[in-house]
Amino acid sequence: MGLLDNVERGLERIVGGAFAKTFKSGVQPIEVVAALKREMDTRAVIVSRDRILAPHTYSVGLHPSDHARLSAHGPALVSELVAAVRDYANRQRYAFAGPVTVALAAQAGITEGVITVTSVASDPSTGWQAAVEIDGTLIPLKVGETVLGRGTTAGITVNDPGASRNHARIVWNGTKAGLEDLKSTNGTLLNGRTVTLSPLEQGDIIDIGSVRMVFRVVPGPGANL
């Protein structure tokens, strides 16, 4: 039996064997679990070689009629959903920055049968920090845009004649990062290939001229390890 089978069996116990009849129409709890899994996979971030951070707080948006039907089963249903999130995270080797919570919310304007999921990967005290490593030195990146280049206004100065004044930029939103070449003269290499725009992953190698830097996401002072 897989994870979803286990969840469905637990829900059958909650509703006294009437699971199939109760959820014959509208959103099925098993569909909520699938939506939570997709959100986890989409939002999971590699923060070190041995750690992948997944969201720990989830809000499930539902049409009011779907919300009323699911909420009728009270905390037991939510407990099963939380258990499903933890079980799937364990199978995928995801870590959490805080206790897992799942909340069901009625959402105006949503179509019956549709599920939306929003999530939070960490609380404000969790200080995961993006950085680039150059010649063994780790240089932190701010949330927002950091320009790489030879110019005096660049956030990180690249002292190489092959670098343009504003050569490329890294954008970091606190959980994910991207690299963009700023129409440089000699181009930007990511893992040995010329790129214009690309997401960044832990350990990616960026070459600008003869300067090599490695993208890192590392625990900050407030990180929950």
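Okay, let's start with strand 3, residues 57-62, which runs parallel to strand 5 and is joined to strand 5 by six bridges. Helices (H or I, at least four residues) and strands (E, at least two) are DSSP runs, numbered from the N terminus. Two strands count as paired if DSSP finds at least two bridges between them.

Before I go on, a word on the source: this is a predicted model, so to speak of local features we need pLDDT of at least 70, side-chain atom pairs count only at pLDDT 80 or more, and totals for chains, interfaces and linings use all residues. Residues are numbered from 1 along each chain as its sequence is written, and side-chain values use heavy atoms, with hydrogens and water left out.

Back to that pair: Tyr58 stands opposite Val102 in strand 5. The sheet here is open, has three strands in the order 5-3-6, and its pairing is mixed. Strand 5 (101-106) and strand 6 (115-120) are the edges, each pairing on one side only. From one strand to the next, the twist averages 20°. For angles, axes are lines fitted to C-alpha atoms, for helices over the stretch in contact, and values run from 0 to 180 degrees between N-to-C directions.

So what lies across this sheet? Helix 3 (residues 29-43) lies across strands 3, 5 and 6, at about 40° to strand 6. Helix 4 lies across strand 3 and strand 5, at about 135° to strand 5. Contact, by the way, means heavy atoms within 4.5 Å.

Helix 4 covers residues 64-71, and Asp66 is in there. Is Asp66 buried or exposed? Buried, with a relative accessible area of 0%; the cut-offs are under 20% for buried, over 50% for exposed and partly exposed in between, with a 1.4 Å probe and protein chains only. Beyond four places in sequence, Asp66 touches Gly26, Val27, Glu112, Gly113 and Val114.

Next, Ala44, in the loop between helix 3 and strand 1 (45-48). Leaving out neighbours within four places, Ala44 contacts Ile52, Leu53, Ala54, Pro55 and Tyr94. Ala44 and Thr175 are 131 residues apart in sequence, yet 8.7 Å apart in space, C-alpha to C-alpha.

Last, the other sheet: open, five strands, order 10-9-11-12-15, mixed pairing. Its edge strands are strand 10 (156-157) and strand 15 (197-200), each pairing on one side only. Strand 9 (residues 144-149) and strand 11 (residues 168-172) pair antiparallel over five bridges, and Val147 has Arg169 in strand 11 as its bridge partner.
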